[in-house]
Amino acid sequence: MATQSAPPSNFSDQNPVSEVAKPASEVHQDAKDISPPSVFVNSEPIREDQVQNAVKFLSHPKVKGSPVMYRRSFLERKGLTKEEIDEAFRRVPDPTPTVSTGQPAEDGQLNSSKMQQQSPTQAIQPASNTPIGTVSKGGTSALYHLGWQQALLAVGLLAISGAGTALVFKKAIVPRLKSWIRKVVSEEDEDLANKTNSKPSLAEEAAAAAKSAAAAAADVARASQDMLISKNGEKQYFEELMSLLGVQVQEMKSMSNAIRNLEGKTSISGQEDHGFSLNNSKPPYANGKSDFTPSSARPVSPPASVEPSGAPPHPKSYMEIMAMVQRGERPSNIRDVNDLPPNPNQPVPTPSLAPRPKPWEVGQVQNSSNQALQSQDNGFTQMNGNNSAPWWQQKQSNNVRINDIESVDEYSAGSSGAQTIDRPIQRSWVPPQPPPVAMAEAAAAIRQPKKSTFQSEPLTDDQFLARSSELTNELQRVTKISESGGITEANGESYVPNTEIQTEESNSYVEA
Amino acid sequence: MPVFKTPFNGYSVKFSPFYEHRLAVGTAQNFGILGNGRLHILDLNPSQPISQFASFDTSDGVYDVAWSESHDSLVLAAVADGSIKLYDLSLPPTSNPIRSLHEHTRETHSIDYNPTRPDSFLSSSWDDTVKLWTIDRPTSVRTFKEHAYCVYSSSWNPRHADVFASASGDCTVRVWDVREPGSTMIIPGHEFEILSVDWNKYDDCILATGSVDKSIKIWDVRNYRVPMSVLNGHGYAVRKVKFSPHRGSLLVSCSYDMSVCMWDYMVEDALVGRYDHHTEFAVGVDMSVLVEGLMASTGWDELVYVWQHGTDPRAQ
């Protein structure tokens, strides 16, 4: 794609001036038809298989619960182009809880069916939200893992309660039963002693009743003892379970300690270290962002990413400072520095030196002046071959440069002080088109002598348009001048240093 | 002696494009975790030790420095509080900084100055955005927000004034054109975070990326699905890559394995030089545009070394 005047998806900030960019972009689109398409643009056609894979990915319920940014980033890391990702997003509609179930709703059943459908989908949504962004199997197994652990906990609790009731029974209830039985028996004896003569049958009956009651109580006691034994057995089993759990807990603790150590070494903070995260799956940055909240200290910052080999060994004092900061202490050597500009309107100084030509530019200059004019389509040919010969000649470039400035003055006088943004010397390629009005203020500042040193008030849209059309006209004119061969080429040097903002004081010192 | 000791931990070093003897060093206290920062302007003297021309204190660490390509006395500092400070060396220290541009909501990690349109520069930040600025404006011209995680580095194309690349913790490199509203190319370069990106000065379609996965990959944007070359050799994350301004196939890199390596990616055995002079993470490296073979590096060991490629950095 060469240009897009109205791109479908847009993640960059839209400056208000970008609205005005459209007419300007149309203006320069005509001019751009001449130039070859940029190599910095992805010109592959959309690959249908990749799009379908992406659609499958995006349709997964877990993925639907994750933020859009993470889904895009995942697809980008899989190598999909922007167009393919946009196409996949277009094909997968963004679901709402009621729409996702897709049942035709009739008035009578509408509410009930909606309610029924909403609750399971809402149940799915929170469940899918918990393993955020990690679409790997690690997430699902973690869930199952949790369930298993929960089951173990439940069993443990039951066993504990069973043991507890057994203990209570044994300690409190059984003695009470026994004492009650003893009481009954002693009362029986008393009764017997008191009423032996009067009502022996009654007493006998009472005794018999008491004995049977005692027997029943004894049976109960025996039963309870049996229960106790079984409870003991359960208790033993439970204790075994507990010990196993304890072992597992120990292992987990040691693992987390190891992880903490690693994390501590590699800095939970410092983007500097890119230490370990708690799970190995991507996206690593998900952990970094979700686990840490911003605060004043650096530790909160970017990557807790996975490192393939292990963390690099950090200086000991680094670990000390990290530990200090994590405890909330502030290192004592920090001073309160006021680094604000004393005069924010301090004018930018005038440069006292011309920008020196870069070694890679000088090489091109010498080559293009030595060779015949290449066709414009060769703008992007590799310069390696050309430059490998003369790279040692660059030391002579300084001499050439001194002549540059003088002839530059003539040249720029000839073009009435107009400036081009890019070096027009390389006539083998076409200078890039003027940027759209999104940068009109900058463009205006670059290309025209400034009336005031600083423009604090923004220009209106009309002024933008007027300036941009002026500028494009002027640029095209200048381009023609440079393309027609101009003055400079005859001298054998054709390097024109880069443009700058022209200040009032230095109108005579102009670099075209 | 080609070494300078800074009071704070070194983060970035850049040669001036105007003066062969001048370089800027950005440092941060307490390894950049929490503390002040300082920007040093150093002068190299042929037979004398490195001397300091000026230094400026900042309230937060300086993560990166950049020289203006248009004004010989202007230098920029990327500060960990999200601001960019502009210093004018022709003014006395009490008049500095002359600007503080504070728009990023997280740490500013790098600044790159446009060599072909020399009033504009880019700042990359941990707030996932890249901002485009010009020297004369107090606010940014554009914000490029597409990366899903911190942007660690951005680099202008040496030939096309509108094109730049950005490297991010979301494991992608994006190529942008400032005339387009969004990125024009997404290169999923590594499986881990990409910390640095730089263009080949002699072939504008080739760029190099350095990543946490310890490798450096060379990419051709015309065929970006597969890297042209993968350079292995570092023992830990590669913190910075920089193509040589003088040889098209040479590039230099520094890493958390404390070494600075020189590579030639056109050659079978790409590692052509290795310097182990640092005793802590080597975090900043630069090659001089004006003097061929002159390089400088700095690291958390609070030392700045300047040496000629092929010589020992610690020698006189």
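**View 1. Arg38(B) stands opposite Asp57(B) in E5(B).** This is a predicted model. The strands behind this contact are E4 (residues 37-43) and E5 of chain B, which pair in the antiparallel sense. Seven bridges link the two. Both belong to an open sheet of four strands in chain B, ordered E2-E3-E4-E5. Pairing in this sheet is antiparallel. E2 and E5 (51-58) of chain B are the edge strands, and each pairs on one side only. Direction ignored, neighbouring strands of this sheet are turned by 20° against each other on average.

**View 2. Asn30(B) has a positive phi, near 55°.** Asn30(B) is a residue other than glycine. The loop that holds Asn30(B) runs between strand E3 (22-28) and E4 of chain B.

**View 3. Met287(B) stands opposite Met295(B) in E27(B).** E26(B) pairs with strand E27 (residues 294-299) of chain B in the antiparallel sense. Five bridges connect E26(B) and E27(B). The surrounding open sheet has four strands, in the order E1-E28-E27-E26 of chain B, with antiparallel pairing. Strand E1 (3-5) and E26 of chain B stand at the edges; each has a single partner strand, so one side of each is left without a neighbour in the sheet. On average, and with direction ignored, neighbouring strands here are turned by 15° against each other.

**View 4. The largest cavity has a volume of about 610 Å³.** Of the 38 residues in its lining, the closest to the centre are Lys14(B), Ile111(B), Asp112(B), Lys240(B) and Lys242(B). Seven strands of chain B each supply at least two lining residues: E2 (9-15), E6 (62-67), E10 (108-113), E14 (151-156), E18 (194-199), E22 (238-243) and E26 (282-287). The lining of this cavity divides into 20 nonpolar, seven polar and 11 charged residues. Across the model, the count comes to 17 cavities of 30 Å³ or more.

**View 5. Phe164(B) and Trp176(B) form a stacked aromatic pair.** A search of the whole structure finds 19 aromatic pairs over all chains. In the pair shown, the rings lie 6.0 Å apart, centre to centre. The angle between the planes is 10°; the cut-off for stacking is under 30 degrees. Phe164(B) sits in strand E15 (residues 163-168) of chain B and Trp176(B) in strand E16 (residues 173-177) of chain B, so the pair ties together parts that are 12 residues apart in sequence.

**View 6. A cis peptide bond joins Asn96(B) and Pro97(B).** Omega of this bond is about -5°. Pro97(B) is placed in the loop between strand E8 (83-88) and strand E9 (99-102) of chain B.

View 7. Over residues 231-264 of chain B, the chain is 53% strand and 0% helix. The end C-alpha atoms of this stretch are 9 Å apart.

Definitions and conventions
Residues are numbered from 1 along each chain as its sequence is written. Chains are lettered from A and ligands numbered from 1 in the order in which they are written. This is a predicted model: local features need pLDDT of at least 70, side-chain atom pairs count only at pLDDT 80 or more; totals for chains, interfaces and linings use all residues. Side-chain values use heavy atoms; hydrogens and water are left out. On a 1 Å grid over the protein atoms alone, a cavity is a set of points where a 1.4 Å probe fits but cannot get out, and a pocket is an open set with protein on both sides within 12 Å along at least five of seven lines; lining residues have an atom within 4 Å of a point. Grid points are joined across faces, edges and corners, and a volume is the space filled by probe spheres set on the points. Ala, Val, Leu, Ile, Met, Phe, Trp, Tyr, Cys and Pro count as nonpolar, Asp, Glu, Lys and Arg as charged, and the others, Gly among them, as polar. Two strands pair if DSSP finds at least two bridges between them. Axes are lines fitted to C-alpha atoms, for helices over the stretch in contact, and angles run from 0 to 180 degrees between N-to-C directions. Rings of Phe, Tyr and Trp (its six-membered ring) pair if their centres lie within 6.5 Å; planes under 30 degrees apart count as stacked, over 60 as edge-to-face and the rest as tilted.
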